[in-house]
Amino acid sequence: MIAIKFDDSISPQDYLEQERHRPIKHEYLDGEVYAMAGTTKAHNLISLNLAILLRSGLSHSRCQTFMADVKVEIDHQKYYFYPDLVVTCDDDDEMNADAIAYPKVIIEVLSASTESFDRGRKFQCYRTIPSLQDYILVSSQTYLVEVFHRTQGDRWLLDTYQGIDAIARIESLNLDAPLADIYASLDLSRIAREDGGDHPER
């Protein structure tokens, strides 16, 4: 998604009230509001594949998977983001709430316009959420999944899974995520050729 900043600074309460009536989603960063633009077909398909994989893999658990249109609240209303996917397993996350406060897993599908933000400031904000156990970055340009897993001492360990035959591990959900499923129905080699870029790793 592409962020377009609004100049006016508003309170989190005003942001939440305005967001209920806006046709376009906005993210909130400590008083600053950013309008979110649309995604590519590849980005959307990867997100859909991930949602199907998570919903199926967690069907017998109490965890719930949400996609795109559900906010995550960070640091007592200081930040609100719309992750591409978020999993919560906490009963305190009410279904009718404005946002998820206790995410266990957050997934962002990377694009050229948002990758630096997803890796940088957004990850810095996400790391402050005590309940978060896995932060996952999924490339839309090549067959690549990066899983940042929270370990003892509040340290984050990175596991990288590259190539269509790789199987990513989401430790906190006890779930394997084959890249063949994540990228199902998507030929990144053809997309790379159309864009004039390099072929993705297989």
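β10 and β11 form a hairpin with 5 residues between them; strands here are DSSP runs of E of at least two residues, and helices are runs of H or I of at least four, both numbered from the N terminus. The model is predicted, so local features need pLDDT of at least 70 and side-chain atom pairs count only at pLDDT 80 or more, while totals for chains, interfaces and linings use all residues. Residues are numbered from 1 along each chain as its sequence is written, and side-chain values use heavy atoms, with hydrogens and water left out.

**Strand β10 and its partners**

- Strand β10 (residues 134-138) pairs with strand β11 (residues 144-151) in the antiparallel sense over 5 bridges; two strands pair if DSSP finds at least two bridges between them.
- Across this pairing, Leu-137 stands opposite Glu-146 in β11, and Ile-136 has Val-147 of β11 as its bridge partner.
- Strand β9 (residues 103-109) pairs with β10 in the parallel sense, also over 5 bridges, and Val-105 has Asp-134 in β10 as its bridge partner.
- Because 5 of the 5 residues of β10 are buried, the strand is largely enclosed by the rest of the structure; buried means under 20% relative accessible area, exposed over 50%, and partly exposed in between (1.4 Å probe, protein chains only).
- Asp-134, Ile-136 and Val-138 point one way from β10, and Tyr-135 and Leu-137 point the other way.

**The open sheet**

- An open sheet of 6 strands runs in the order β4-β7-β9-β10-β11-β12, with mixed pairing.
- β4 (64-67) and β12 (155-162) stand at the edges with a single partner strand each, so one side of each is left without a neighbour in the sheet.
- Neighbouring strands of this sheet are turned by 15° against each other on average, direction ignored; the axes are lines fitted to C-alpha atoms, for helices over the stretch in contact, and angles run from 0 to 180 degrees between N-to-C directions.

**Buried serines**

- Ser-172 is in the loop between β13 (167-170) and β14 (175-178), and it counts as buried because its relative accessibility is 17%.
- The side chains of Ser-172 and Asp-134 are joined by a polar contact of 2.5 Å. Such a contact is a pair of N or O atoms within 3.5 Å; within protein, one must be able to donate a hydrogen and the other to accept it, and residues adjacent in sequence count only if both atoms are side-chain atoms.
- Ser-189 lies in helix α6 (residues 188-195) and, at 8% relative accessibility, counts as buried.
- The C-alpha atoms of Ser-189 and Thr-142 are separated by 8.2 Å, with the two residues 47 apart along the chain.

**Cavity**

- The structure holds 1 cavity of 30 Å³ or more, and the largest cavity has a volume of about 40 Å³. A cavity is a set of points on a 1 Å grid over the protein atoms alone where a 1.4 Å probe fits but cannot get out, and lining residues have an atom within 4 Å of a point.
- Leu-50, Ile-136, Val-145, Ala-168, Ile-170, Ala-177 and Ile-182 line the largest cavity.
- This lining divides into 7 nonpolar, no polar and no charged residues; Ala, Val, Leu, Ile, Met, Phe, Trp, Tyr, Cys and Pro count as nonpolar.

**Strand β2**

- β2 and strand β3 (residues 32-36) pair in the antiparallel sense over 4 bridges, with Glu-27 opposite Tyr-34 in β3.
- β2 is also joined to strand β6 (residues 79-81) by 2 antiparallel bridges.

Notes
1 Å grid on protein atoms, 1.4 Å probe; cavity = no way out; pocket = protein on both sides within 12 Å on 5 of 7 lines; lining within 4 Å. Points joined across faces, edges and corners; volume = space filled by probe spheres on them.
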